[in-house]
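Q: Could you take a close look at the aromatic rings in this model and whatever sits around them? I'd like the geometry along with the cut-offs behind each term.

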Amino acid sequence: MAEIRFSESVSARLEEGVLVVTIDNPPVNALSAHVRSGLVAALDHAANLPAVAGVVITGAGNTFIGGADIREFGKPPIEPTIPEVIERIETFHKPVVSAVNGAALGGGCEVALACHGRVAGGKASFGLPEVKLGLVPGAGGTQRLPRLIGMIAAIDLIGTGRAVKGAEAVMLGLADSIAADPVDAALAFVQEHVGKPLRRTGMIAVPSADAAAISAAQAKVLAKARGQAAPAEAVRLVKAAGEHDLKQGLNEERASFLRLRDSAESAALRHVFFAERAAGKVEGLDTVSPRPIETVGVVGTGLMGSGIAVSALISGYRVVALEQTEEAAASGRARISETLDRTVRSGRLTAVGRDACLARLQTTTEARDLGNADLVIEAVFDDIKVKTELFQRLDGIVAPSAILATNTSYLDPDAIAAATVDPSRVVGLHFFSPANVMRLVEVVDCARTAPDVLATALAFVKRLGKLPIVCGVTEGFIGNRIFSAYRREAEFMLEDGALPQEIDAALEAYGFPMGIFAVNDMAGLEIAWARRKRQAATRNPAARYVEIADRLCEAGRLGRKSGRGWYAYPNGERTIDPEVTAVIEAARAVKNITPRDFTADEIMSRLLKAMADEGTALLAEGIAARPGDIDLVLINGYGFPAHKGGPMFAAEQSKDKSHG
């Protein structure tokens, strides 16, 4: 039977008396206006033809439906709306089955929920990730999902926004079956249900659930929400599905969706979403092909090096890890192996996958074993002499096409590159610890980095499943330069009258997982102390300098590992230490500062201003390409709450408010 076109993105063919409707709207088959009108036209066509027994809906390519078309956000609605399409599917008088060939996310999952049956292909996944954009599902997800899978599982999926693969979807009751060819299986499903009562999701009663289990599921979601509104709203709506009929539940959901869509939180999270899409795009690189990478060399297998090695192994690369002694190589291998074991225990890797990773790992003390590496990343001690000597040795070992990457956090990568035979092949890859967990990598475009070297570094980081942010060369790159600026501001406030616990409490109330002084204690105070001592000779004597941290270090208070830092840690618990208060008061007395009280709002506005001012300087110097890149670095590397959009976004919002 010839193909029938219902819109620019929706076509169908008649197979065995069933209309197979295919959505083809690349890249992710989003529910754009022409997809919605095409689906309704296809249903109209099927409704009027006695020869059509039912309908199968599927997607072209690797996605079923990737969700609403975000480009339509904030614009007047175009009919038919997603809820209208979904109601048409659910109330259709012939069987409608979704053949879920790939990701069914957001509105795509809601379309699948409205069908009378769901067949998952091998690459299928289902998810309602709206909370990640500060929203709740807006087309029935909170009302239909609990009817299919029960309230507790629905609270987990909608409250966290996580996606499930086909096998878990079948186990939960979200999909009816898995098939190698989902369209074939969906055709059989339609034929089996012709003339029989159809299972309309919205008409199913929500299975009863234990009140204590519901409370536990709710508490788990809210514990991770850290002040965000959307997860709490999602849970409330799922619970409402058990109390209302479908119509009332849908009205409630729509009202919440619209309210959240216009909120500051959703605006911030959408900003983050679009910033991530823009981050990978670098001017002039779109026509540059990355070099092929198969073998990755990692020099140094401490905490950082082993984390980088694990990331590369899990992403399918061969890894050659170099250490100075046999003993260090053996303990490096053990560290990598233990990290992989932990990943298996957490369910993120199979035992077979772990064994394959270990089979691709070689640990060695012979630098010449790096001869076949396409990319070598150094994770050795942060000392300019150590790093330049290493790269000079590698010059004589690796192929001329191999890339050399430095993982320095504070040193000048241009100086390291200049010491090599070919500076054009040197790039910075600044990973964050633990490297196998943290998503952020600052990709440092050095003065002489070749375009295809930069393109390769970006492709490599993306294949690791991480977020690459390109930056220029400056001390501390984007993240540490901003971190230093707001740490300095926090220390100014200590002298002026605030206490560490007050500043930390303000940051945590704003949404940071941990305040800055608690973070410093966890990282150890000695690294920054060594840096301050290095810079002492060149410091401007007229610039304000706070000596409190130096006094703590001199007293042996180096943070958690020494049991005392900005706080004391008896039995490992963080407690306020009067000795620290005494050190702070003594420092104020030396400078004749009369302390004053600070409100939490005042603390936050000073810290946010310090971050945004430093960010503005980074943009002016061309170190960062766009404000969104700075926001992503702070969110993914320093715990800035995503639902506040990052420091540059927050500064822009407060500017708009003060003008508005």
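A: Here's a walk through the aromatic pairs, then the charges over rings, and then a few other spots.

First, the ground rules: this is a predicted model, where local features need pLDDT of at least 70 and side-chain atom pairs count only at pLDDT 80 or more, while totals for chains, interfaces and linings use all residues. Residues are numbered from 1 along each chain as its sequence is written, and side-chain values use heavy atoms, with hydrogens and water left out.

The structure holds 9 aromatic pairs. For the bookkeeping, rings of Phe, Tyr and Trp (its six-membered ring) pair if their centres lie within 6.5 Å; planes under 30 degrees apart are stacked, over 60 edge-to-face, and the rest tilted.

Take Y317 and F460: their ring centres are 5.2 Å apart and their planes meet at 55 degrees, so this pair is tilted. The pair ties together distant parts of the chain, 143 residues apart, with Y317 in the loop between α12 (303-314) and β13 (318-322) and F460 in helix α17 (residues 451-463). Helices here are DSSP runs (H or I, at least four residues), strands are too (E, at least two), and the numbering goes from the N terminus. Y317 has a relative accessible area of 4%, so it counts as buried, and F460 is buried too, at 2%. Buried means under 20% relative accessible area, exposed over 50%, and partly exposed in between (1.4 Å probe, protein chains only).

Another case is K644, which lies over the face of Y510 at 4.1 Å from the ring centre.

Now for F483 and Y486, with ring centres 5.4 Å apart and planes at 85 degrees, so the pair is edge-to-face. Both lie in helix α18 (residues 477-496), 3 residues apart, or about one turn of the helix. F483 is buried at 11% relative accessible area, and Y486 is buried at 3%. These two also belong to an aromatic cluster, formed by F432, F483, Y486 and Y638.

Back to helix α12 for A309, which is buried with a relative accessible area of 0%. Setting aside residues up to four places away in sequence, A309 touches V298, V319 and I336, where contact means heavy atoms within 4.5 Å. A309 and A435 are 126 residues apart in sequence, yet their C-alpha atoms are 8.7 Å apart in space.

R532 is in helix α21 (residues 526-535) and counts as buried at 15% relative accessibility. Leaving out its neighbours within four places in sequence, R532 is in contact with R539, Y545, A549, D550 and C553. E502, in helix α19 (residues 500-510), is partly exposed at 35% relative accessibility. Not counting residues up to four places away in sequence, E502 touches G497 and I603. E502 and L322 are 180 residues apart along the chain, and their C-alpha atoms are separated by 45 Å.

Terms used. A charge sits over a ring if NZ of Lys or CZ of Arg is within 6 Å of the ring centre and within 35 degrees of the ring normal.
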